Amino acid sequence: MRWILSFLLLGLLSAVSALSAGGNKLLVVLEELSEKSKYSKYFGDLEARGYKLTYKSPKNEKLGLFELGERSFDHLLILPSKSKGLGPALTPKLLLDFINKGGNILLTLSSPHPTPTALVSLLLELEIHLPTDRNSLVVDHFNYDTLSAAEKHNVVLLPRPDAVRPDVKNYFRGDGKGGEVIAFPRAVGQTMGNTSPLLTPLLRAPRTAYSYNPKEDIEGVEDPFAVGQQLSLITTMQARNSARFTVIGSSEILEDT
């Protein structure tokens, strides 16, 4: 099964054409720089589109989002971290300041790696909620990839969604022949608060999906975090200054394989 790649660029920016307006300096926060090779195709695609990538570990003492009060980067990509914290340069306040100064953030999650507390706090500020059990993932016993998830049912298949609005380009459309699906592997599902008009679910889970802790007995799930289309797999927020913040529930879809 080939993961969908091209539309994820739009999580970072609303459109590729926004490059000149938004700037091209992109900071990639990656805990182990040796893992860059896992995302080589994605990074190569970004560079081919004119982005200038800088790679930093959250452990790097020289990591900083600002210099003399101004953004040092135009965009920020945060890949999953094995650490519980992200250090003093990536606190919820500084990340909100980055958005408020017009910076775009793409945050990727991973069910094997619990989301750091700082990012959970940031998401709560934006009314995006994650399961309290940080190892939970989305499963679907009716819509799953029979090749890669025959037993665990944690690679969810869902039809390509329609555009959010008629005036918004549909980057999930594929070749338009119909009958196509998106495979979404081992996703951390999100729910959204009801009071924010700035949040949009770009990709919802199927109606038969639910959030599940793999450490529990799958037959005994009685009170899941959320079910069906309550679960957003990709959530985006456009701030009032037009900055974008996007959450992708599975970093695996950025990987080469």
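1. Glutamate 127 follows helix 5 and has a positive phi, near 65°. Helices (H or I, at least four residues) and strands (E, at least two) are DSSP runs, numbered from the N terminus.

2. On provenance: this is a predicted model, in which local features need pLDDT of at least 70, side-chain atom pairs count only at pLDDT 80 or more, and totals for chains, interfaces and linings use all residues. Residues are numbered from 1 along each chain as its sequence is written, and side-chain values use heavy atoms, with hydrogens and water left out.

3. Helix 5 covers residues 117-125. Its buried residues are Ala118, Leu119, Val120, Leu122 and Leu123. Buried means under 20% relative accessible area, exposed over 50%, partly exposed in between (1.4 Å probe, protein chains only). These buried residues pack against strand 5 (75-78), helix 4 (92-100), strand 6 (104-108), strand 7 (128-129) and strand 15 (244-248). Contact here means heavy atoms within 4.5 Å.

4. The largest nonpolar core has 30 residues. Leu76, Leu90, Leu95, Ile105, Leu107 and Phe245 have the most contacts inside it. Strand 1 (25-29), strand 5, helix 4, strand 6, helix 5 and strand 15 each supply at least two residues of this core. Helix 5 gives the largest share, four residues. Another core, of 29 residues, lies apart from it and includes Tyr42, Ile182, Ala205 and Ile234. A nonpolar core is a set of buried Ala, Val, Leu, Ile, Met, Phe, Trp, Tyr and Cys residues joined through side-chain atoms within 4.5 Å.

5. The structure holds five aromatic pairs. Phenylalanine 66 and phenylalanine 98 form an edge-to-face pair, 6.4 Å centre to centre, with 70° between the planes. Phenylalanine 66 lies in strand 3 (residues 66-67) and phenylalanine 98 in helix 4, so the pair ties together parts 32 residues apart in sequence. Phenylalanine 66 is partly exposed, at 25% relative accessible area. Phenylalanine 98 is buried, at 0%. Rings of Phe, Tyr and Trp (its six-membered ring) pair if their centres lie within 6.5 Å; planes under 30 degrees apart count as stacked, over 60 as edge-to-face and the rest as tilted.

6. Ring pairs also link Tyr39, Tyr42, Phe43 and Tyr55 into a cluster.

7. Two charges sit over rings. The charged end of lysine 36 is over tyrosine 55, 4.0 Å from the ring centre. Arginine 71 lies over the face of phenylalanine 98, at 6.0 Å from the ring centre. The criterion is NZ of Lys or CZ of Arg within 6 Å of the ring centre and within 35 degrees of the ring normal.
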